[in-house]
Amino acid sequence: MRYTGPKVRLSRRAGVPLTRKAVRYFEQRPYPPGEHGRKTSRRNTGDYGLRLMEKQKLRWYYDVSERQLRRYWDLAVRRSGASGAELVTLLETRLASLVLRAGLAPSIYAARQYVNHGHIAVDGRKVDIPSYLVKPGQVVSVRERSRRMQPFVAAAEGVHADERTAPYLSMELPELRFTLTHRPEREQIIVPVDEQLVVEFYSR
């Protein structure tokens, strides 16, 4: 199941801010949540615990369920590249992930909702599946009927955009449109996870 509780708690459990909103809260409370959070030492975590936490961080960062992550892992190990890098690339090319990365949404949760509610189109056709894997050359845009909505008006003004555009995206932000120009390389993807520990978790 996907986590549906308070999102900032996930960042505090992970030890790193997983969303923009979490940065401020994490600076105020950089320790795990709960009654004994201040007394908890992450340094005492064993090898299994470290690998489990990296896997969980990857899940939480992309807002996927355990079943979905396992499915992506199975796809990644069948590809010719390094399994960890392939896993991150697959997660990054999900439609919801790219909507966030392009600055069309303030968080992965909002991006998922926008796709679910039918506001996003791929090559001019409505796609309401957040896990849809976008292929290089495909154009993703906000549908015409949705562009006057306040969240997308703000997005067109660059409110949610990162300071540096992802090198695998060609942006037309005022038009609420972007193109995936090429398959992302692992070193181009900014995600606070050591995927090698995820590989070790699934390979045990």
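A residue counts as buried when its relative accessible area is under 20%. In this predicted model, buried residues make up 46% of the 204 residues in the protein. Welcome to the structure: the protein has nine helices and five strands. Reading from the N terminus, the elements follow the order α-α-α-α-α-α-α-β-β-β-α-β-β-α. Residues 24 or more positions apart account for 57% of the contacts with a separation of 6 or more.

- The buried residues of α5 are G84, E86, L87, V88, T89, L90, L91 and E92.
- Among the elements that cover these buried residues are α3, α4, α6 (95-101) and α9.
- Helix α9 packs against α5 at an angle of about 105°, and the two axes lie 8 Å apart. That angle makes α5 roughly perpendicular to α9.
- On the α5 side, the contact is made by S83, G84, A85, L87 and V88, and on the α9 side by E195, V198 and V199. Sorted by class, this contact has five nonpolar, two polar and one charged residues.

**Helix α4 against helix α9**

- Helix α9 (residues 195-203) also meets helix α4 (residues 66-77), with axes that come within 12 Å and cross at roughly 95°. An angle from 65 to 115 degrees counts as roughly perpendicular, and α4 and α9 are therefore roughly perpendicular to each other.
- From α4, the residues E66, L69, R70 and W73 take part, and they meet V199, Y202 and S203 in α9. By class, the contact of α4 with α9 has four nonpolar, one polar and two charged residues.

**Salt bridges**

- Side chains of opposite charge can pair when their charged atoms come close. In this model the count comes to eight salt bridges.
- K55 counts as buried because its value is 5%.
- R79 and E86 join their side chains in a salt bridge, at 3.8 Å from N to O. With a relative accessible area of 34%, R79 is partly exposed, whereas E86 is buried at 10%.
- E86 also belongs to the buried set of α5. Together, R79, E86 and R183 are linked in a network of salt bridges.
- R177 pairs with E172, and here the closest N and O atoms are 2.9 Å apart. R177 is partly exposed at 25% relative accessibility, and E172 is partly exposed at 33%.

**The strands**

- Strand β3 (residues 139-142) pairs with strand β1 (residues 120-122) in the antiparallel sense over three bridges. In this pairing, I120 stands opposite V142 in β3.
- Strand β3 is also joined to strand β5 (residues 177-180) by three bridges, and these two run antiparallel. S141 stands opposite R177 in β5, and R177 is the residue that forms a salt bridge with E172.

**A closer look at K126**

- Which strand holds K126? K126 is found in strand β2, made of residues 125-126.
- K126 is partly exposed, with a relative accessible area of 48%.
- Leaving aside neighbours within four places in sequence, K126 is in contact with G118, I120, A121 and R143. One of these, I120, stands opposite V142 in β3.
- The C-alpha atoms of K126 and V115 are separated by 8.8 Å, and the two residues are eleven residues apart along the chain.

Definitions and conventions:
Residues are numbered from 1 along each chain as its sequence is written. This is a predicted model: local features need pLDDT of at least 70, side-chain atom pairs count only at pLDDT 80 or more; totals for chains, interfaces and linings use all residues. Side-chain values use heavy atoms; hydrogens and water are left out. Axes are lines fitted to C-alpha atoms, for helices over the stretch in contact, and angles run from 0 to 180 degrees between N-to-C directions. Helices (H or I, at least four residues) and strands (E, at least two) are DSSP runs, numbered from the N terminus. Angles under 35 degrees count as roughly parallel, over 145 as roughly antiparallel, 65 to 115 as roughly perpendicular and the rest as oblique. Contact means heavy atoms within 4.5 Å. Ala, Val, Leu, Ile, Met, Phe, Trp, Tyr, Cys and Pro count as nonpolar, Asp, Glu, Lys and Arg as charged, and the others, Gly among them, as polar. A salt bridge is a side-chain nitrogen of Lys or Arg within 4 Å of a carboxyl oxygen of Asp or Glu. Buried means under 20% relative accessible area, exposed over 50%, partly exposed in between (1.4 Å probe, protein chains only). Two strands pair if DSSP finds at least two bridges between them.
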